[in-house]
Amino acid sequence: KTYADLGADKRRLALGAIFGIWVLGIIAWSIYYSITVGGLLIKLRRTCYKGDGRVERILEEIAPNSGISIRYTDLVDTPFLVGIFKPTIYMTEVECTDTQIKYILTHEYTHWKRKDPWKLLFAYLMIIIFWWNPFLHKDIKLMIEMGCDKTMLRDYPMRYALEYLKTICYVLEAEKHSLKKLNFNSLNFVDINSEEGFKQRLFYILDAKENLKLQKKINMAVI
């Protein structure tokens, strides 16, 4: 029988069952994200520490009075931005040059200017509410990262983009050889869940700059 063939009482019962499953799904996803994100935030706050001021000075040059805090953590090996009202960039123990740090901080600060933390929060709220929709379970963070890359490099020459891509590859290489694989639902400088996703981000940057010659060089570097 179809839904239209059911009696009024059975239709109400069916709707009640569907609604109950939907609510249970919302509760389950809410608990999952609360435990996952809440637990990781607690670990970060317990283990993070301040640096020697070097990164703070570079951030001040990029964005004076940005209001963004800098902390270090040994839980992960890729820098990331956390926070809606009190943003914090968590740096890692990976050794970087001042130029590489500038690229990393510019990327994370661009996230903040674009209000990406709010976008990510809204995306996860939509996933919690509409958990049954498969289209919402795509790699949202990758799409946000690609948009951030495009915004960051919009007014810079291709030479700058090439150095920026080298920094991404450098941090990714360090991440590959690390045993620290803490998964944090944040705006990471390098957050690549697959080789295909990594290539998508690289080629998206190159396509945005419309430079085929440079793209060939990157292809050779990736190979």
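Author: Let's start with a cut-off: buried means under 20% relative accessible area, exposed means over 50%, and partly exposed is in between. Tyr72 comes to 15% relative accessibility, so Tyr72 counts as buried. Keep in mind that this is a predicted model.

Tyr72 has a stacking partner. The ring centres of Tyr49 and Tyr72 are 5.8 Å apart and the planes sit at 20°, so this pair is stacked. The pair links distant parts of the chain: Tyr49 is in the loop between H1 and helix H2 (54–62), Tyr72 is in strand E1, and 23 residues separate them.

Strand E1 (residues 69–72) pairs with E3 in the parallel sense, over 4 bridges. Tyr72 itself has Met91 as its bridge partner in E3. On its way along the sheet, E3 (residues 88–91) sends Thr88 and Tyr90 one way and Ile89 and Met91 the other, and all of them are buried.

E2 and E3 make a hairpin with 5 residues between them, and Gly83 in the turn has a positive phi of about 120°.

Back to the rings. The count of aromatic pairs comes to 12. One of them is Trp29 with Tyr32, an edge-to-face pair at 5.9 Å centre to centre with 85° between the planes. Both residues lie in helix H1, 3 residues apart, or about one turn of the helix. Trp29 has 26% relative accessibility, so Trp29 counts as partly exposed; Tyr32, at 45%, counts as partly exposed too. These two also belong to an aromatic cluster, made up of Trp29, Tyr32, Tyr33 and Tyr124.

Phe19, Val23, Leu24, Ile27, Ile31 and Ile35 form it on the surface, with about 580 Å² of accessible area together. Val23, one of its members, is found in helix H1 (residues 8–47) and is partly exposed, with a relative accessible area of 30%.

For the charged side of things, a search of the whole structure finds 4 salt bridges. In one of them, Arg114 meets Asp116, with the closest N and O atoms 2.9 Å apart. Asp116 also meets Lys119, at 3.4 Å from N to O, and those two lie in helix H4 (residues 116–129), 3 residues apart. Asp116 is buried, at a relative accessible area of 0%, whereas Arg114 is partly exposed at 21% and Lys119 partly exposed at 39%. Another salt bridge joins Glu163 and Lys166, at 3.7 Å from N to O. Being 3 residues apart in helix H6 (residues 158–176), Glu163 and Lys166 are separated by about one helical turn. As for networks, shared partners join Arg114, Asp116 and Lys119 into one.

Conventions: Residues are numbered from 1 along each chain as its sequence is written. This is a predicted model: local features need pLDDT of at least 70, side-chain atom pairs count only at pLDDT 80 or more; totals for chains, interfaces and linings use all residues. Side-chain values use heavy atoms; hydrogens and water are left out. Patches are made of residues with over 30% relative accessible area and no salt bridge: like charges are joined within 9 Å, nonpolar side chains (Val, Leu, Ile, Met, Phe, Trp, Tyr) within 5 Å. Accessible areas come from the Shrake-Rupley method with a 1.4 Å probe; for residues, only the protein chains shown count as cover. A salt bridge is a side-chain nitrogen of Lys or Arg within 4 Å of a carboxyl oxygen of Asp or Glu. Buried means under 20% relative accessible area, exposed over 50%, partly exposed in between (1.4 Å probe, protein chains only). Two strands pair if DSSP finds at least two bridges between them. Rings of Phe, Tyr and Trp (its six-membered ring) pair if their centres lie within 6.5 Å; planes under 30 degrees apart count as stacked, over 60 as edge-to-face and the rest as tilted.
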